[in-house]
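This report covers helix packing and salt bridges in one protein model. The model is predicted.

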Amino acid sequence: MAAVGGGAPSGSGDDAFLTYYSEVKQIEKRDSVLTSKQQIERLLRPGSSYFNLNPFEVLQIDPEATDEELKKRFRQLSILVHPDKNQDDPDRAQLAFEAVDKAYKMLLEPEHKKKALDVIHAGKEYVEHMMAQKRKQLKKDGKPTDVEEDDPELFRQAVYKQTMKLFAELEIKRKERDAKDMHERKRQREEEIETQEKAKREREWQKNFEETRDGRVDSWRNFQAKGKTKKEKKNRTFLKPPKVKMEQRE
């Protein structure tokens, strides 16, 4: 493998490629029971928009996994669902790859990872609380206090279902907040536009008022002048000629 720019071959680059290629082969062998196509189907199954809210579920990794284990699992899945490996279905592979990439990046952020862990812990605590309530009721009824969730697999399934429910509820609330915020921003924007339009109309009115002031003053003066002229004509008196008396003859 030649180095960029045509320089001497890089031994470290060759080693990195061989390590990567070896991991690819190991992953393909280890995950042969869960093929690329099956992983794509899992990540894009109906309801995946909610299933994939749990980044640990997307990556199929334990919440207590270390950062190194997380990185390794991401590499495994990203290789399996990468569009280059699934050229017969590149569009769906791209969507699956994006889901894996999003989950990985979310868990790299301490704040986002903590929120996800809080939801999972809340789901577990809820199931444990419900189990305690069931035992209490069974004891009150004089029955054995065994509950089905005592089975580790059933307990895991119960926690999984409750966790998915909590993730979905949080997502619904987030969307509601976003919709409310968007509506509020729209309302504020409409008010701003109305305020700007009102100010614009007032400026135009003021401008027109100033521009037509001289004309209005001239019109008023002309009006007053005409009124004065009519008044003078009305009040003017004319001398009448004396009446001539006719002489009467006797």
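## Helix packing and salt bridges

In the contact between α5 and α6, Leu 70, Lys 71, Phe 74, Leu 77, Ser 78 and Val 81 of α5 meet Ala 93, Ala 96, Phe 97, Val 100, Asp 101, Tyr 104 and Leu 107 of α6. By class, this contact has 10 nonpolar, one polar and two charged residues. Helix α5 spans residues 67–81 and helix α6 residues 90–108; they pack at an angle of about 170°, with their axes 9 Å apart. The two helices are therefore roughly antiparallel to each other.

Helix α2 (residues 36–43) also packs against α5, at an angle of about 100° and with the axes 8 Å apart. This makes α2 roughly perpendicular to α5. On the α2 side the contact is made by Ser 36, Gln 39, Ile 40, Arg 42 and Leu 43, and on the α5 side by Arg 73, Leu 77, Leu 80 and Val 81. These residues divide into five nonpolar, two polar and two charged.

The whole structure has 16 salt bridges.

| Salt bridge | Closest N to O distance |
|---|---|
| Arg 92 with Asp 89 | 3.1 Å |
| Glu 171 with Arg 174 | 2.6 Å |

Arg 92 is partly exposed, at 26% relative accessible area, and Asp 89 is partly exposed at 22%.

Glu 171 and Arg 174 are three residues apart in helix α8 (residues 152–211), about one helical turn. Glu 171 is buried, at 15% relative accessibility, whereas Arg 174 is partly exposed at 32%. Arg 187 and Glu 191 lie four residues apart in α8, again about one turn.

Terms used:
Residues numbered from 1 in each chain as written. Predicted model: local features only at pLDDT ≥ 70, side-chain atom pairs only at ≥ 80, totals over all residues. Heavy atoms only, no water. Axes fitted to C-alpha atoms, helices over the stretch in contact; angles between N-to-C directions. Parallel < 35°, antiparallel > 145°, perpendicular 65-115°, else oblique. Contact = heavy atoms within 4.5 Å. Nonpolar A, V, L, I, M, F, W, Y, C, P; charged D, E, K, R; others polar. Salt bridge = Lys/Arg side-chain N within 4 Å of Asp/Glu carboxyl O. Buried < 20%, exposed > 50% of the residue type's maximum accessible area, 1.4 Å probe, protein only.
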